[in-house]
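I opened my notebook to look through one structure, step by step. Here are my entries.

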Amino acid sequence: MSKMILGLDLGSNSIGWALLSADAENQPTDIVDAGVRIFPKAVEDKTPTPKNQKRRASRLARRTIQRRARRKTKLMNYLITLGLLPENLKGHLQPEIVLNRLGDPYSLRAKALDSDLLPHELGRVLLHLVQRRGFLSNKKTLLGRDMLDDPDVLAILTEEKEEETDIKEETAFKADITQLRAEITGGGFRTLGEYLASKPKHECKRNRSGEFLRTDRAMYQDELSNIFERQRTCHPVLSVEV
């Protein structure tokens, strides 16, 4: 049986191939056959965005939601052990029903700055604060700190620079945050929670379709510090370790 040599030319959207016959010294003697296989482009039809980039973004969104849910559950169980939330929340299929009976979280966040809260009211406030932690710097900083072990995050962090659209989006975020800070300060409010509590009950207080409230991480950190400082006087459980 004569010897054969297979040659391949690998491209991003195609593979060229040639099958050659060879002599005893492995030198090509003839072309047996040749051709090329063309593959559909691995980008979206209307934009040059790679399809795997879209899938990666979707995976990151799912993981972010899952981690947020786990973070909330973890804190809820911890607050229960501290006596700051009712025991019947454990394993409850609809925990929001129990939580809503403890009071409106926005009103409680404002009340916590000046008045003593009941233990379960304080737990309601702390659990509410952990659900949204605000915008932090830029995408790389946010993802790098929160999800550094995620393979899709690692892929993003190896990119040489941010996409132009991401830079524009971050600039818009910061502009909205600056405007919100001005409204909070101009209205004489001390914290984000006190500002939100002043709004009508059914007015948008978080991101929804057509309406956006851009907050940053520092707003939540400052509010948490203020609440801890006031509530520590009536809740000894709020130790340095806690």
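**Entry 1: a residue to start with**

In which helix does L129 lie? I found L129 in helix α4. I took helices (H or I, at least four residues) and strands (E, at least two) as DSSP runs, numbered from the N terminus.

I noted the ground rules next. This is a predicted model, where local features need pLDDT of at least 70, side-chain atom pairs count only at pLDDT 80 or more, and totals for chains, interfaces and linings use all residues. Residues are numbered from 1 along each chain as its sequence is written, and side-chain values use heavy atoms, with hydrogens and water left out.

Is L129 buried or exposed? L129 is buried, because its relative accessible area is 7%. Buried means under 20% relative accessible area, exposed means over 50%, and partly exposed is in between (1.4 Å probe, protein chains only).

I then listed what L129 touches. Leaving out residues up to four places away in sequence, L129 is in contact with R109, Y220, E223, L224 and I227. Contact means heavy atoms within 4.5 Å. I also looked up R109, which is 20 residues from L129 along the chain. The C-alpha atoms of the two are separated by 9.0 Å.

**Entry 2: helix α4**

How many of the 13 residues of α4 are buried? I counted eleven, so α4 is largely enclosed by the rest of the structure. Among the buried ones are E121, R124, H128 and Q131. L122, L126 and L127 are also on that list.

The 13 residues of α4 should span 18 Å at 1.5 Å a residue. The expected span is 1.5 Å times one less than the number of residues. The end C-alpha atoms of α4 are 19 Å apart, which agrees.

**Entry 3: the core**

I looked up the largest nonpolar core, and it has 34 residues. A nonpolar core is a set of buried Ala, Val, Leu, Ile, Met, Phe, Trp, Tyr and Cys residues joined through side-chain atoms within 4.5 Å. L85, L89, L122, L127, L180, L192 and I227 have the most contacts inside this core. The elements that give two or more residues to it include α1 (51-81), α7 (164-186) and α9 (217-231). Which element gives the largest share? That is α4, with six residues.

Not counting residues up to four places away in sequence, L192 touches R109, L180, I184, T215, M219, Y220 and E223.

**Entry 4: the sheet**

I turned to the strands. Three of them form an open sheet in the order β1-β2-β3, with antiparallel pairing. Two strands pair if DSSP finds at least two bridges between them. The edge strands are β1 and β3 (28-38), and each pairs on one side only.

How many bridges join the strands? β1 and β2 pair over eight bridges, and nine bridges join β2 to β3. A hairpin of three residues links β1 to β2. I noted two bridge partners as well. L10 is paired with I15 in β2, and I15 stands opposite R37 in β3.

How many of the eight residues of strand β1 (residues 3-10) are buried? The number is zero, so β1 lies largely in the open.

S21 in strand β2 (residues 14-22) was my next stop. S21 is buried, with a relative accessible area of 12%. Leaving aside neighbours within four places in sequence, S21 is in contact with K3, M4, Q27, P28, T29, D30 and V32. The C-alpha atoms of S21 and I5 are separated by 6.2 Å, though the two are 16 residues apart along the chain.

**Entry 5: the whole chain**

I stepped back at the end. The chain has nine helices and three strands. From the N terminus on, the elements run β-β-β-α-α-α-α-α-α-α-α-α. Of the 242 residues, 29% count as buried. Among contacts between residues at least 6 apart in sequence, 53% join residues at least 24 apart.
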